Amino acid sequence: MIEAIVLDWAGTAVDYGSRAPIIAFKNAFAHFNIDLSEATIRQDVGLDKLTHVRKILQNSEISSSWETTHPTIPLAKAAEEIYAQFQIEINKVLAETAQLKPGMTDLIKFANAHHIQLATTTGYTQAMLDQILPLAAKQGYKPAYNITSEQTNHVGRPSSAMVELAIRKMNISDPSHVIKVGDTVNDILEGKNAGTISIGVVDGGNLIGLSQQEFNELDIEQRDRCQAKAAVILKEAGADETINNIADLIPLIEAINDQQHEMPLLLTPGPLTTSHTVKETMLVDHGTWDDDYKELTQWVRHELVAVGKASEDDYTAVLMQGSGSFGVEAAIGTAVPKQHATLLIAANGAYGERMIEIADYLSIPHVDLQVPEDQTVTLTAVEESLAKHPEVTHFAVVHCETTTGILNPIETIIPALAEKGIITIVDAMSSFGGVPIDLERLRADYLITSSNKCVQGVPGFSIVLAKKKTLQGTEGNARSLALDLYAQYRTFEDHDGKWRFTSPTHVVYAFAEALRELEQEGGVTARTHRYHTNETLLRKGMQELGYELVINEDVQSPIITSFKYPTADFNFRAFYEYLKDRGFIIYPGKVSKCDSFRIGNIGEVSADDINHLLNLIKTYTKEELQLPVGN
Ligand SMILES: *Cc1c(COP(=O)(O)O)cnc(C)c1O
């Protein structure tokens, strides 16, 4: 998304043909009896003016002409004197200098409507600019930041310093979201050096150099020739694109934003935003009986055990077609024997409730430990239930309850239950890969996740990491053919990675790539760090905008964050659509006790993305909701 446009002044936004500095230069030199051609002046337009004077004086013809006419003033001093005269001359043509070029008013309107910030950099001095600004403002042009090289230690174009300062002031972290537009080679270089999209403007620019009247008097062919010549020069300097009228930026920005529209960023608990390379693996079709595919499946299973910090002596990964719930249902339905078994389910959110529903469907005797959604399940509460229900043989809990984003302390609960000989089932759907999990220490019997959560693959299968010894004793337990975890395991083991029934081949290839990318990122530690950074930024940023959290910060996971509606009549649908139009998909809330919405921090999402989202929410809160948002 384009967040800002940095514009040059003369020849780009104002002063058609960039005439004013040329006239002023010509007159300044004429004041010292030196006749300068326009072509000589135009060569280096865009530099700061003192540098420009010095550059002109380097021309041997001009320097010798100076030496004959002013033998007493050394060349070094000459630059300063001519420059002083230039300032006098430019003031004489000030009104002309500040005249907005055609198309500017449309561009300003468009930028305002789309919350695109405007800033400027220039070769003018601060004093000059200070005179132009009020004249431009009268015509409706009020860029938020106006940078001269006096603000960058006199480092001007083609260096990136001025644009970089503008970008910093606008609080934009990714320069590729910024367009730099100008009419000279130095402008283009400045934009390229700063890493922005660099656009050259042709009509009324320095390279054509004609006044509007002169240009209009040309016939069509002459005009075309002028425009083409200028465009080639700007392109050769590295312009990403050239435009004739400055208002042609509008369709250009729309096209850039549309491209990104097709790829909204999912700030959701999964499916989430995957990398381009993960998506790309799915462009090839694969057969399921293929040896390569079976090997890949085995590699994926092997890697998953490693991500869970477990030894393959103790743990195995069983893949199961379908979404995450299929894995939970397969684990519960296979783990709990048909006789003499009772499942204790701790529930503090929708996914805990779903396990209760699964137990009901499968007619599994169960005891429910209901915990409020904004509180964690504690070992004490679990032990109290166990004391009341000595018949309990199995225990199930959710790790990160995606309902709120709360993180249940499984590291204290699960080992304690393992010690008591209770079989444990952990729904780690939304945490595995995004929060460190050490299965050997945890001693969970079953831990479930899916392809489309923190490993950052696409939806299509679930994963059950199972303690081998436990799983091997579950033959015949399953209440479902398709969801028989034991049978699924046996088929993988006995047929070298062959899936039972048709498998989601594309999804498996994508998932293998996602596992490789997890490794490349630096494993779970690095990924957790990135998610944490996203979450902290989001939480603090939202709080600054006045949004309240649903759960306490100390039980907050780095996965997803819940926020209360800012007002009683808050229209979530409108908020959602506003963000969707700008490339972000968020999630409705799921807690029952208050109206809330959720924003995920996981997937191919960076701090830049979160900052961008916060900017949008700030604007929305201020302008649509009319709520105070701090500064
Ligand atoms: C995503 C998720 C699930 C699975 O949901 P599906 O829609 O079946 O993929 C289960 N538990 C938790 C905690 C989840 O976040």
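Contact here means heavy atoms within 4.5 Å. Helices (H or I, at least four residues) and strands (E, at least two) are DSSP runs, numbered from the N terminus. The model is a predicted one, in which local features need pLDDT of at least 70 and side-chain atom pairs count only at pLDDT 80 or more, while totals for chains, interfaces and linings use all residues. Residues are numbered from 1 along each chain as its sequence is written, and side-chain values use heavy atoms, with hydrogens and water left out.

**Two helices on their own**

Let's start with the spans; the expected span of a helix is 1.5 Å times one less than its number of residues.

| Helix | Residues in helix | Span between end C-alpha atoms | Expected span |
|---|---|---|---|
| α1 | 13 residues | 18 Å | 18 Å |

Burial comes next, with buried meaning under 20% relative accessible area (1.4 Å probe, protein chains only). In α23, 12 of the 17 residues are buried, so this helix is largely enclosed by the rest of the structure. Among them are the run from V507 to L515, as well as T505, E517 and L518. They pack against α14 (276-280), α15 (291-307), β15 (446-450), β16 (461-467) and α24. Just past the end of α23, G522 has a positive phi of about 115°.

Helix α1 (residues 19-31) has buried residues too, including R19, P21, F25 and F29. Their packing partners are the helices α2 (38-42), α3 (49-57), α4 (60-69), α5 (75-92) and α6 (94-98). Just after α1, N33 takes a positive phi of about 60°.

**Where α23 meets α24**

Helix α23 (residues 505-521) packs on α24 (residues 523-544) at an angle of about 80°, and their axes are 6 Å apart. That makes α23 roughly perpendicular to α24, a label used for angles of 65 to 115 degrees. Axes are lines fitted to C-alpha atoms, for helices over the stretch in contact, and angles run from 0 to 180 degrees between N-to-C directions. On the α23 side the contact involves E517, L518, E519 and E521, and on the α24 side G523, V524, A526, R527 and R530.

An open, antiparallel sheet of 3 strands has the order β17-β20-β19; two strands pair if DSSP finds at least two bridges between them. Strands β17 (560-564) and β19 (587-588) are at the edges with a single partner each, so one side of each has no neighbour in the sheet. Between β17 and β20 (residues 596-600) there are 5 bridges, and T561 stands opposite I599 in β20. Helix α24 packs on this sheet, touching β17 and β20, and its direction makes about 10° with that of β17.

Methods
Angles under 35 degrees count as roughly parallel, over 145 as roughly antiparallel, 65 to 115 as roughly perpendicular and the rest as oblique. Buried means under 20% relative accessible area, exposed over 50%, partly exposed in between (1.4 Å probe, protein chains only).
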